[in-house]
Amino acid sequence: MSEVYDTIVIGSGPAGQKAAVQLAKGGQRVAMVERARQIGGECVHRGTIPSKALREKAVERNRINERLREMNRETVNRSISVAELIGEMSDVVDAHDKYMTEQLLRNRIEICHGRGSFVDAHQLELLSNTGRKKVIRANNFIIATGSRPRKPDNVAVDHEHVYDSDSILTLAYLPQSMVVLGGGVIACEYASIFAMLGVKVTLIDRYPQPLGFLDHDLTSCFVSAFERRGGIFLGEVDVADCAFDGVSQVETRFADGTVLKADKVLCAQGRIADLDALGITNAGLSLNERQLLSVDTEGQTAVPHIYAAGDVIGPPSLASASMEQGRRAACGILGIDVGVLGQYMPTGIYSIPELASVGLTEKQAKDQDPDSVVGFADFSEIARGHIAGAKDGMLKLVVGGDGKLLGAHVVGVNSTDLVHIGQMALLQGASVELFIDNVFNFPTYAESYRVAAISAAAQLPERVQGRRSYVA
Amino acid sequence: MAELAKDVSGLSLSVQQALDNGDVDVPLLPSVAAEVLSSSLDDRSNATRFAELIQQDQSMTSHLMRVVNSPVFRGASEIVALQQAIARLGMERIREIALTVSLKASVLQPGPYDDLMSRSWYVALRSALWAREISRLTRKNVEVAYLCGLLHNIGEPLVLNCLGKMTESASPDEVAQVLRNCSRQAGLLLVQEWALPSAVDLAIRFRGEFESAANAKDLVAIVDLARFISCLKELPICEQVVDQAETQHLNLYPDEVDALLEQGENIATTLETLT
């Protein structure tokens, strides 16, 4: 007799965790199926957390070196092994794993270690790594199996010379040079981290600018900071093929015949839904044209008792969004009305410098409202930034012709935190005056909202400014 | 260590004392091996400098040329120059071959336990090749795994050499017991004398005890699993590998173990060439 649960959550990443906890708190008997040894998914073990920890080490080392240079002292040797950095990251990952496991167990969620595969729409076969099989049943399912790196046919990923985003952190030493293929979030994060660690990085993308979904001023700031650290960005390049040359370098051949050699290559050309072993067709599901699971706003698939959340349903593929998708899917099963998902979802990119964005870009705003304006605050002109020696920071506010805030875009220290001030203002439908009429702590980076707001307000038509007459 | 001393035979105790007192002939680390080891966990060494180093060693060059001209590595035409070999096989592979050849020449010294010494070397080499493939499968560092596989039992030849100077007539059981009791200590001595990378230290220190290896559990499990496969006379069947604690720690599912074991033929061919 197979065990029966109210809901089985497949995958223990950010979406799966939040879903399972919400369901358990709603009184359900929940099982969480995870094929990896530890829970947390790629986010914890190969993605979000390790790469952010590596980023912190790179930034910290750079800060120490800058101070040592100021004191005319010898700087920290660049030939630090990545293994040393990864060693320290293991502690971070283990701590996170412990905390999450405790949370799941506290909520009486059964963790089933094994690989799940649908037998039919209500039964899942669980294969353990010892080869044992058992079938478990549930009234509902949430599929949150995440994603894995896409392997383009023309790039020979061997995890020895050509890495993907799952294996790049196994590098035992810092190479002299590295080519990063791709212009998305993962590519830009790693490219900027390795550049800061002293590696000569070339970032190659087929589009003119990396991170094309961001406001152009943010991407310009990113490229300019990346190139100041010795990185090279090559846009509008079609890569014909990329493979180890059999000698000591990896050759990246462009469509025009140009060959670029580097010690190592990171292929970061997107991720695909990780659904291969799940046997979704046995449950009556199929992939859409983008090889993802199609869901409605609550995460419900074409099979009513099966929900999906996280990377398997596609962009934005951010841990933050996945958590909320998981919670909403659980609420869907519990019959709890969670309302409409807020339209202002922030984007945080942990490159160096950090980038964050919410709402409309300048171009999107202009397309909707030709009278819209933008205001800037450069961190080097903000007292806090001046004190900290911030070189790469700025805040850009996009404001409608009627004075209403339409978007906030931040580059630099704490930008992924700072953007939430803009997000809250957007959610309240606030006008730019909100930032001008209220007091911010001094000295803080948050003060940049006031500076950028004044700069934007000064450009608004007189009828909107009223008698205030802002001067930027 | 006091508890261990109670169980060890007199021979084990003598070898341990010899190791403690530095009364053993620690072989010099060959310059080629030193170059490979010093750069393997750090920046890449310059290919030209490395080629020059190999060419200075006549025996090394001839041995290397024999290996690269074997059916496994040789292409359509004969390889007649070192630079040609590097171009054909790649610097990484040449470095591995050079390390293997130079270490073999250094640690395998003639003595009464030659057969055991050769067997130990064979297991080391086979472990290195399996460790590389397990690492690739589990997304761990391939180069470090090869190195640790190759050196995980580097203490054994030193122990056998030391034992050979004490007695030429130890029974197989006695030799096995001495190896069990003293190889780790001898290996760690070589780690210190040769300034081997810390990953090798961990692979030796925690051999057979991956659960105790703190942040190096995965690495030690990879090397131990590679050793398990390498010590078997025949290629194991999937179930034998699946049952190992190391396999479960590395979270390898039966289909992944099958895929791993499919590398057996390639590994056997490479092994034949290198030995």
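Predicted model: local features only at pLDDT ≥ 70, side-chain atom pairs only at ≥ 80, totals over all residues.
Strands (E, at least two residues) and helices (H or I, at least four) are DSSP runs, numbered from the N terminus. Local features need pLDDT of at least 70 and side-chain atom pairs count only at pLDDT 80 or more, while totals for chains, interfaces and linings use all residues. Residues are numbered from 1 along each chain as its sequence is written, with chains lettered from A and ligands numbered from 1 in the order in which they are written.

Strand 21 (residues 394-399) of chain A runs antiparallel to strand 22 (residues 405-411) of chain A, joined by 6 bridges; two strands pair if DSSP finds at least two bridges between them. Here A:M394 has A:V411 as its bridge partner. Strand 20 (residues 373-378) of chain A is also antiparallel to strand 21 of chain A, again with 6 bridges. From strand 21 of chain A, A:M394, A:K396 and A:V398 point one way and A:L395, A:L397 and A:V399 the other, and all are buried (20 or more other C-beta atoms within 10 Å of the residue's own, C-beta atoms being placed from the backbone).

Turning to chain B, helix 9 (residues 142-151) and helix 13 (residues 217-231) of chain B pack at about 55°, their axes 10 Å apart; axes are lines fitted to C-alpha atoms over the stretch in contact, and angles run from 0 to 180 degrees between N-to-C directions.

Note on methods: Buried ≥ 20, exposed ≤ 12 C-beta atoms within 10 Å, placed from the backbone.
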